[in-house]
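Please keep the sequence and the model in view while reading.

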Amino acid sequence: MKVDWAALGAVFGVSIAVVLGLVLLFSVGLRGVSAREAAREDGRNGVNGAVTAVVSFAACACVVLFGLYLIVAA
Amino acid sequence: MDASLLVVIVVITALAFDFTNGFHDTANAMATSIATGALRPRTAVALSAVLNLVGAFLSVEVAKTISGGIVDDAKITPAIVFGGLIGAIVWNLVTWYVGLPSSSSHALFGGLIGATWVSSGADAVHFTKVVDKVLVPAIAAPLVAGVIALLATFLTYRLTRRTRASVADKGFKVGQVASAALMSLAHGTNDAQKTMGIITLTLITAGTLPAGSGPPVWVILSAGVAIALGTYLGGWRITHTLGKGLTTIEAPQGFAAQTSAATVIMASSHLGFALSTTHVASGGIMGSGLGRQRDGVRWNVAGRMAMAWLFTLPAAGIVGALAGLLAGQGTYGVVLVAVLGIAVAVLVWLLSRREPVRPEHVVDEIAAQAETHKLDVAA
């Protein structure tokens, strides 16, 4: 009976890193949108929030696309 | 019976199974999106169907696990594969009617293993491979998805605590649609593969393909189309169980649950682990329920599901063994098995029409819940 624990461990390790990374980026992105709205209402331009949001969401998309690329490339 | 005719019958049956698989599993990808009102049921299901088809082309590792590993292709015939398939389909239809999120995949493995075991002996089943590629992932994957979803949900709520309610509400609904899309893709990389694997295995046992072949393109395409059609046409009943009965799902939670499940499935598919997407999705939903609040899971419903999972492999195995034994008796056996399979399908269909669950009903049932979510996010 041979179980490939290394492969199972890899699934766990990769998944936890990817998921927590995605969730973190997405939440930070939402905080950016929120900050921008708040700044706008105060009469500021809110560019910091906007940049945070765009960078975070773009990074999210990149993580997903890179993951799909790795699967397709094999 | 003519061997090539039998192969045609098995291919058609396998595609029918794939259709029921899609029918059964729409819920996995779309339950949370529908439950939180992020997508309307029809849109959700159409999107899921298309992405299932795309996913079928992404990776064929799982198909190879099935066609070249869990049973000895030199010791079985297309008739045995046919018996196993009918066993799986019967189990799938019955659990669908009862509303239990059982696993199409385990029904298929159970059916195939049962039919092979009874007809060709225990040594025709590669138990080592079954344990390594099916049983261990079957237990590990839902737990892994649950743990990750728990952490992800906790992190999500923590990080967006001070985010504006309007932004969080809208943002997470979008995020949830994206994660549901990923889940559908993941589904195609794992579930559609099982049918491809079975068809490829049949072609190998019939001598049409050399041992160790991967699925030909027409097999990938037809399996992808079958699961996409099934996804589009079915699954309201189970959507109801998963989307509402198990835990109360909010959009951030759905986002975290599905991102977790989709990632675990895709990583597993990549390594050829043939797991049950149903189990992983349920693990993710339960984990996210716990991540939100300590009593976030209805354990009695969860327990009933776990029982159904435990039963799937042996129950489908027994049905598959009987069908395989019968189909192995020659032409009349195969015809008899086919007739019995069709009879069960028609019976379940007739029974289900007595109390049809339509997409409109699903909307009605979640409407009140969607209201609660808005309040929760604002609070």
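Helices and strands are here DSSP runs, numbered from the N terminus, with helices being H or I over at least four residues and strands being E over at least two. The model is predicted, so that local features need pLDDT of at least 70 and side-chain atom pairs count only at pLDDT 80 or more, while totals for chains, interfaces and linings use all residues. Residues are numbered from 1 along each chain as its sequence is written, chains are lettered from A and ligands numbered from 1 in the order in which they are written, and side-chain values use heavy atoms, with hydrogens and water left out.

In chain A, UniProt (unreviewed entry) places the feature "transmembrane region" at residues 6-30 and 50-72; such positions follow the numbering used here, feature names are shortened, and annotations may be inferred rather than shown by experiment. Residues 50-72 of chain A are 100% helix and 0% strand, with end C-alpha atoms 33 Å apart. Residues 6-30 of chain A are likewise 100% helix and 0% strand, and their end C-alpha atoms are separated by 36 Å.

Chain B holds 14 helices and zero strands. Of its 379 residues, 60% are buried, that is, under 20% relative accessible area with a 1.4 Å probe, protein chains only. For chain B, the "transmembrane region" feature in UniProt (unreviewed entry) covers several spans, among them residues 44-64 and 134-157. The span 44-64 of chain B is 90% helix and 0% strand, its end C-alpha atoms lying 30 Å apart. The span 134-157 of chain B is 100% helix and 0% strand, and the corresponding distance is 34 Å.

Two salt bridges are counted between chain A and chain B, each a side-chain nitrogen of Lys or Arg within 4 Å of a carboxyl oxygen of Asp or Glu. One of them joins Glu37(A) to Arg164(B), with the closest N and O atoms 3.5 Å apart.

Technical notes
Buried means under 20% relative accessible area, exposed over 50%, partly exposed in between (1.4 Å probe, protein chains only).
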